[in-house]
Amino acid sequence: MKIGNKEFKTSGHTYVMGILNVTPDSFSDGGKYDRLDQALYHVEEMLAEGVDVVDIGGESTRPGFTVLPAEAEMERVCPVIEAVKQRFDVPVSLDTYKGVVAEAGIRVGADMINDIWGLKHDDRMAQVIAQSKLPCCLMHNRDNKEYDDLMDGVRSDLAETLALADAAGIARDQIILDPGVGFGKTYEHNLEVIRRLGDLHCFDLPLLLGTSRKSVIGLTLDLPADQRVEGTLVTTVQAVLTDCMFVRVHDVAANVRAIRMAEAIYGETRHG
């Protein structure tokens, strides 16, 4: 899969997507990178640590977040995307579920769209992605936590997302799926989704795992967001073992090292 000007294997290696929240209120790093100079410095740091893709988001989606108007979101993300693309040779993903924001981000250089609502929040999003011919990450999400069977429900919801993608003309070879840890799921659900990641290879599409510093780790270890690196690393090793294409993380260097070690140990013995 080509993201920006770089080729990525969809199987056999786990890449690192580094999180850049240009928000004042994200659960873990809100306010740290919402100035342009801070954001660019952090991209430089992540590149030195081995990041493969930078994921830029302008709206916090922490529990209880306030929806940001599209205009305000564009004002946050577009200058950062443009500046990152001018200064660095790194693929940029835009984390948004709003079609108009995705369209604006693509105009200033975004190489990929990361939609936490899997095309279900905004009818326009699927068409924007299809017309751009860019790759996308489509996440599992729902507005409740009620399942007869968790993994059957996740698979059914993702099948609906893929039907929307097919109808809009998004090529299957441009799609990555995200099981949506922390979204529309209880604590127990989140643990089960991580444990059963391999079940989602039924779609024959690459997977992205996003657990970095999330509440499932905080609740398990009884730790605040800034002390959840070790817990995140365990989930990253699980991503390697289940042949996920990407992990989306805050702490790039530690996760790059964990991936390298896990891949050295397990090599081709990994399974879906």
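Arg155 touches Asp199, Leu200, Cys202 and Phe203, leaving aside residues up to four places away in sequence. The model is a predicted one. Arg155 belongs to helix α5, which covers residues 150-168. Elsewhere, eight strands form an open sheet with parallel pairing, and helices α1 and α2 pack at an angle of about 45°.

**Arg155 and its contacts**

- Between Arg155 and Phe203 there are 48 residues in sequence, while their C-alpha atoms are 8.6 Å apart in space.
- Phe203 is also one of the residues that Arg155 touches.
- Is Arg155 buried, partly exposed or exposed? Arg155 counts as partly exposed because its relative accessibility is 22%, and buried would require a value under 20%.

**The sheet as a whole**

- In which order do the strands of the open sheet lie? The order is β8-β7-β6-β5-β4-β3-β10-β9, and the pairing is parallel.
- The edge strands are β8 (175-178) and β9 (208-209), and each of them pairs on one side only.
- Strands of a sheet pair through backbone hydrogen bonds, in either a parallel or an antiparallel arrangement.

**Strands β3 and β4**

- Five bridges link β3 and β4 in the parallel sense.
- Asn21 has Gly57 of β4 as its bridge partner.
- Strand β4 spans residues 53-57 and is mostly covered, with five of its five residues buried.
- Val53, Asp55 and Gly57 of β4 point one way, Val54 and Ile56 point the other way, and all are buried.

**Strand β5 and its two partners**

- β4 and β5 pair in the parallel sense through four bridges.
- Ile56 has Leu94 of β5 as its bridge partner, and Asp55 stands opposite Ser93 of β5.
- Which residues of β5 (residues 92-95) point which way? Val92 and Leu94 point one way, Ser93 and Asp95 point the other way, and all are buried.
- Three bridges connect β5 with β6 (residues 112-115), and the two strands run parallel.
- Ser93 has Met112 of β6 as its bridge partner.

- Leu209 stands opposite Val247 of β10.
- Helix α9 (residues 252-266) lies across β3 (15-21) and β10.
- The angle between α9 and β3 is about 165°.

**Packing of α1 against α2**

- Helix α1 is made up of residues 36-49 and helix α2 of residues 70-87, and their axes are 10 Å apart at an angle of about 45°.
- That angle is why α1 is oblique to α2.
- The crossing in which α1 passes α2 is right-handed.
- Which residues bring the two helices into contact? Leu36, Ala39, Leu40 and Val43 of α1 meet Pro79, Val80, Ala83, Val84 and Arg87 of α2.
- The contact of α1 with α2 comprises eight nonpolar residues, no polar residues and one charged residue.

Note on methods
Residues numbered from 1 in each chain as written. Predicted model: local features only at pLDDT ≥ 70, side-chain atom pairs only at ≥ 80, totals over all residues. Heavy atoms only, no water. Pairing = 2+ DSSP bridges. Contact = heavy atoms within 4.5 Å. Axes fitted to C-alpha atoms, helices over the stretch in contact; angles between N-to-C directions. Parallel < 35°, antiparallel > 145°, perpendicular 65-115°, else oblique. Left-handed = near helix turned anticlockwise from the far one by under 90°. Nonpolar A, V, L, I, M, F, W, Y, C, P; charged D, E, K, R; others polar. Buried < 20%, exposed > 50% of the residue type's maximum accessible area, 1.4 Å probe, protein only.
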